[in-house]
Amino acid sequence: MIEFRNVHYSIGNKKIINNVSFHIPAGEPRIIMGHSGSGKSTILRLILGLACPDRGQIIINGENICGLNEKKMREMRKQIGMVFQDGALFDSMTVGENVGYYLLEHTDMSLAEIEEKVRRMLGFVGIGEEYIDRLPDELSGGMQRRVAIGRALLSTDPMIMLYDEPTTGLDPQMTTNIINLINRLMERNRVTSLIVTHQIADAFKIGDKFIFIDGGEVAFDGDINGLRDSTDPRVVEFLEPFRKAVAHVHKIDFV
Ligand SMILES: Nc1ncnc2c1ncn2[C@@H]1O[C@H](COP(=O)(O)OP(=O)(O)O)[C@@H](O)[C@H]1O
Ligand SMILES: [Mg+2]
């Protein structure tokens, strides 16, 4: 589970996160939506403990992470898989090295064992074996994103997966692949999943509960019906381009 309790966070004297509270039970997906610059990625950074709130509490699996020492924080991070906005692979390492990097550096598994795990993981995320020795920039954007998900899964034993704009810049086919993968992961291990996106059509295929961030504040927290019926001008304005899509969503059609 992930809970924010009245979290405030500033950089310099600029308020980035303003009194944010929400609660995500274990095993559930939650979509974070909002305009660019509204504070979505910052929320993920706070969950990873890469930044610390000025005030308020962040509780992960029952523990307030703000007070944890570095060792405990590292243990906590092992339970959190993060897929960064641009995939963020090591560009001088092969696909296989990217995916197996953590096991190579932090475990005493043999190379043969690691390679076996990497091959199985690549299969799971839908990347052919022939790509194992290629460099990331020889792959399409969608494939890079899948490799990044594979790397996150082999680097941690995630109870929680954080995805920052996982489908941005991908064509519709690649987008569908990534959404299927996110859904498959949630079903497999009941992974609590936080997906940041401003692509509303994609959001509906992943979950039906939404947190809408506007100017560092929670402007909406609820389900699809609440979202559709909201009269908050910030929500209305954000949804306006998608009104028709939202109006027709009664039940979520999982892909
Ligand atoms: N290191 C930083 N220094 C100053 N301002 C920052 C820094 N990181 C983020 N911000 C500001 O914080 C706000 C929220 O950023 P971010 O969380 O990246 O938004 P989003 O992911 O929703 O696009 C933005 O206005 C951004 O300019
Ligand atoms: Mg962002």
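In this predicted model, two elements, β2 (14-24) and α1 (40-47), each contribute at least two residues to the shell around ligand 1; helices (H or I, at least four residues) and strands (E, at least two) are DSSP runs numbered from the N terminus. The top contributor is α1, with three residues. The shell, counted as residues with a heavy atom within 4 Å of the ligand, consists of I11, K14, I16, H35, S36, G37, S38, G39, K40, S41 and T42. Two of the shell residues are nonpolar, seven polar and two charged, with Gly counted among the polar ones and Lys among the charged ones.

Turning to polar contacts (N or O pairs within 3.5 Å), oxygen atoms of ligand 1 lie 2.8 Å from a side-chain N or O atom of K14, 2.8 Å from one of K40 and 2.7 Å from a polar backbone atom of G37. The protein buries 57% of the 560 Å² that ligand 1 exposes when taken alone (Shrake-Rupley method, 1.4 Å probe).

The sheet itself is open and antiparallel, with four strands in the order β2-β1-β4-β5; pairing requires at least two DSSP bridges. Two antiparallel bridges join β4 (residues 55-60) to β5, where E63 is the bridge partner of I60. Helix α1 packs on this sheet, touching β1 (2-11), β2 and β4, and its direction makes about 115° with that of β1. Here contact means heavy atoms within 4.5 Å, and the angle, on a scale from 0 to 180 degrees, is between N-to-C directions of axes fitted to C-alpha atoms, for helices over the stretch in contact.

Residues are numbered from 1 along each chain as its sequence is written, with chains lettered from A and ligands numbered from 1 in the order written. Local features need pLDDT of at least 70 and side-chain atom pairs 80 or more, while totals for chains, interfaces and linings use all residues, and side-chain values use heavy atoms, without hydrogens or water.

Technical notes: A polar contact is a pair of N or O atoms within 3.5 Å; within protein, one must be able to donate a hydrogen and the other to accept it, and residues adjacent in sequence count only if both atoms are side-chain atoms.
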